[in-house]
Amino acid sequence: MNDTEVFAAAALLRGSKRTVVLTGAGISAESGIPTFRGEDGLWNRFRAEDLATLAAFQKDPALVWGWYDWRRGLISKVDPNPAHKVLARWETQLPGLSIVTQNIDGLHQKAGSKSVIELHGNIWKVRCTKEGTVSANNETRFEEIPPRCPTCGAVLRPHVVWFGEPLEMAVLELAGRLSTMCEVMVVVGTSALVHPAASLPLAALEGGARLVEINPDITPLTHLAHLSLRGRAGDILPLIEDRLGIEPLEDRQR
Ligand code: OAD
């Protein structure tokens, strides 16, 4: 990654009226949340089939909840990093910017982002397995595992998308529409291996968007990207922000 690439990314963003930022686990890595793939990835230590499928949950809800309870404990202790914060500022500074995330950690919202499209749900929400009702739940750690619905007593499940489950239709449609219509898509910290999320950059390209990738590693998207900025999100996004030359909102309001 060199200064010319940073400058070029800033120029693309400055000129765009509709921008989608697609994020993955890599954007939260610098906050201390492990990614899924790679050397220290969760899927190197745990089997997804045992912990992130409906079949696993039906077989042993306490085991699955134990894993989610542990992750909730981990996430509750960390803060958004500079990458999340830059994106939160851009939401108020760049016209038509949407964040579409595969992450369930809620760190975009904790950084101040208001409109975040969560493709894979949110670890701070629970769903009744009987009634289907979704509610916010910030308990860390649960007194009883598996937790139960306060209304009907049925077992609750994490309101997340597991392997083999479809994404919520309205969410996927919205993300697809925004991707097809955007002028610039910035893809941050995803291995781009899990579909349908990984199809969104392809939809953006088909729609004529410029694609910018920010990732320390090569992904299946790298050769398709107009700009590939190799490095950590928490380093690169602030550099792009500097180059954008947009005054912080609080300065503009003075
Ligand atoms: P992965 O763990 O597959 O990929 C993380 C990506 O982040 C890799 O490409 C890393 O190179 C990159 N990365 C690591 N540190 C970074 C940093 N500091 N800055 C920028 N990039 C960095 O995570 P996802 O692509 O998000 O789904 O995984 C997609 C889905 O697979 C997840 O949502 C989850 C998982 O199984 C479900 O659970 C349904």
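Pro 146 is found in the loop between strand E5 (134–136) and strand E6; helices (H or I, at least four residues) and strands (E, at least two) are DSSP runs, numbered from the N terminus. The structure is a predicted model, in which local features need pLDDT of at least 70 and side-chain atom pairs count only at pLDDT 80 or more, while totals for chains, interfaces and linings use all residues. Residues are numbered from 1 along each chain as its sequence is written, and side-chain values use heavy atoms, with hydrogens and water left out.

Most residues other than glycine have a negative phi, and most peptide bonds are trans. The bond that joins Ile 145 and Pro 146, however, is cis, with omega about 0°. A cis peptide bond also joins His 195 and Pro 196, with omega about 10°. Pro 196 lies in the loop between strand E7 (184–188) and helix H10 (200–206). The loop between E7 and H10 also holds Ala 192, which has a positive phi of about 55° although it is not a glycine.

The chain is divided into domain 1 (1–33 + 80–120 + 166–254) and domain 2 (35–77 + 121–160), with bounds that come from an automatic or database domain assignment. Their contact (heavy atoms within 4.5 Å) takes 17 residues from domain 1 and 14 residues from domain 2. The C-alpha centres of the two domains lie 27 Å apart. Between domain 1 and domain 2, the buried area is about 1100 Å², of which carbon and sulfur atoms give 55%; buried area is the accessible area (1.4 Å probe) that two parts lose on being put together, summed over both.

The lining of the second largest pocket draws at least three residues from each of domain 1 and domain 2. A pocket is an open set of points on a 1 Å grid over the protein atoms alone, where a 1.4 Å probe fits, with protein on both sides within 12 Å along at least five of seven lines; lining residues have an atom within 4 Å of a point. This pocket is lined by 19 residues, of which Glu 118, Gly 121, His 159, Val 161 and Glu 168 lie nearest its centre. Strands E3 (116–118), E4 (121–128) and E6 (156–160) and helix H9 (169–181) are the elements that give two or more residues to the lining. E4 gives the most, with four residues.

Salt bridges (a side-chain nitrogen of Lys or Arg within 4 Å of a carboxyl oxygen of Asp or Glu) number 12 in the structure. Across the interface of domain 1 and domain 2, the rule finds zero.
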